[in-house]
Amino acid sequence: MASTDKSPDPTPAKGQDPTPGKPMSVGQHVIDKSAMMVQSLDPIKQMSQHVCSFAIYSHDMSRQIETHHYCSRLHQNFIQCAVYDSDESKARLLGVEYIVPADVFEAFPPEEQKLWHSHAYEIKSGLLVNPRVPEVVAMPELENLAQTYGKFWCTWQVDRGDRLPMGAPALMMSPQAASPGLVRAELVLERDAKYNFSSKSLKSSRLEIPEPEMINPLADYWKQHGKGFVIDIEETEMKLRPPFP
């Protein structure tokens, strides 16, 4: 199955409820709370930032979604993000994004670089925000992110109506200043109203954020070549030995 616009069939891909299933029972709540008391949740506790922005499907840039990244660092120059469709308690996990600085990105082979996108425009345009965090507090991190590249795989295409994560993952791209990478105005206005700020005002306040001296042309591959990427699932013979040490 390719990561296309066609929704998987049959059900439970479609339906009235956001996600099929029974409500949480009291017993399950007790189990979960008990586990939280005795188990280590250290990887999750390292999440220290909530970033809201927009993402665009690589294979169909007419499909644009609001995203909520919950980010942690393995070290100063490597960020890993769990991406959700909202910041509510019942938010659905859409996928994962990895973020690296320019020097790491430049060390990637060309075929890998094609899968990544730049972040400078997202930052400078006011599209990427840290909800409820004063701009002056967020500014140092925004300046850092403007110099980075990201790779975002979406595993749950909720925008096409999927109630469960179905099919192959889809590669996502970041908004850019060129069509079809421009985010639809109504999406931005709805997001801004939710958090009571103006992306246009943020854009003005970020004029002094330094842009990268050069954005590698293999990133944001569609801008130069008009091509996206899609994954197909195919049957294959299982390997009996790993192809690597």
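1. **Burial terms and model.** Buried means under 20% relative accessible area, exposed means over 50%, and partly exposed lies in between (1.4 Å probe, protein chains only). By that rule D220 is buried, because its relative accessible area is 3%. The model is predicted: local features need pLDDT of at least 70, side-chain atom pairs count only at pLDDT 80 or more, and totals for chains, interfaces and linings use all residues. Residues are numbered from 1 along each chain as its sequence is written, and side-chain values use heavy atoms, with hydrogens and water left out.

2. **D220 backbone.** D220 sits in the loop between α8 and α9. Helices (H or I, at least four residues) and strands (E, at least two) are DSSP runs, numbered from the N terminus. Phi of D220 is near 50°. That is a positive value in a residue other than glycine.

3. **N196 backbone.** N196 also has a positive phi, of about 60°, although it is not a glycine. Its place is the loop between α7 and α8. Is N196 buried or exposed? N196 is exposed, with a relative accessible area of 70%.

4. **Cis peptide.** The peptide bond from S179 to P180 is cis. Its omega is near 10°. P180 belongs to the loop between β7 and α7.

5. **N216.** This residue lies in the loop between α8 (199-205) and α9 (221-225). N216 counts as buried, at 8% relative accessibility. Its side chain makes a polar contact with the side chain of E106, at 3.0 Å. A polar contact is a pair of N or O atoms within 3.5 Å; within protein, one must be able to donate a hydrogen and the other to accept it, and residues adjacent in sequence count only if both atoms are side-chain atoms. Not counting residues up to four places away in sequence, N216 touches F105, E106, Q113 and Y149. Contact here means heavy atoms within 4.5 Å.

6. **Salt bridges, total.** How many salt bridges does the structure hold? The count is eleven. A salt bridge is a side-chain nitrogen of Lys or Arg within 4 Å of a carboxyl oxygen of Asp or Glu. Three of them follow.

7. **R63 and D159.** The closest N and O atoms of this salt bridge are 2.9 Å apart. R63 lies in the loop between β1 (49-57) and β2 (64-75) and D159 in the loop between β6 (148-154) and β7 (170-173), so the pair ties together parts 96 residues apart in sequence. R63 is buried, at 9% relative accessible area. D159 is partly exposed, at 36%.

8. **E66 and K194.** Here the closest N and O atoms are 2.7 Å apart. E66 counts as buried, at 16% relative accessibility. K194 is partly exposed, with a relative accessible area of 45%.

9. **R73 and E141.** In this salt bridge the closest N and O atoms are 2.6 Å apart. R73 lies in strand β2 and E141 in helix α6 (residues 135-145), so the pair ties together parts 68 residues apart in sequence. R73 is partly exposed, with a relative accessible area of 28%. E141 counts as buried, at 16% relative accessibility.

10. **Nonpolar patch.** V133, V136 and V137 make a nonpolar surface patch of about 280 Å². Patches are made of residues with over 30% relative accessible area and no salt bridge: like charges are joined within 9 Å, nonpolar side chains (Val, Leu, Ile, Met, Phe, Trp, Tyr) within 5 Å. Accessible areas come from the Shrake-Rupley method with a 1.4 Å probe; for residues, only the protein chains shown count as cover. V136 is in helix α6. It counts as exposed, at 68% relative accessibility.

11. **F229.** F229 is in the segment after α9. It counts as partly exposed, at 26% relative accessibility. The C-alpha atoms of F229 and Y57 are separated by 9.1 Å, while the two residues are 172 residues apart along the chain. Leaving aside neighbours within four places in sequence, F229 is in contact with residues including S58, H59, K114 and L115.

12. **Cysteines.** The structure holds zero disulfides. A disulfide is a pair of cysteine sulfur atoms within 2.5 Å. C52 is buried, with a relative accessible area of 0%. C71 is buried too, at 8%.
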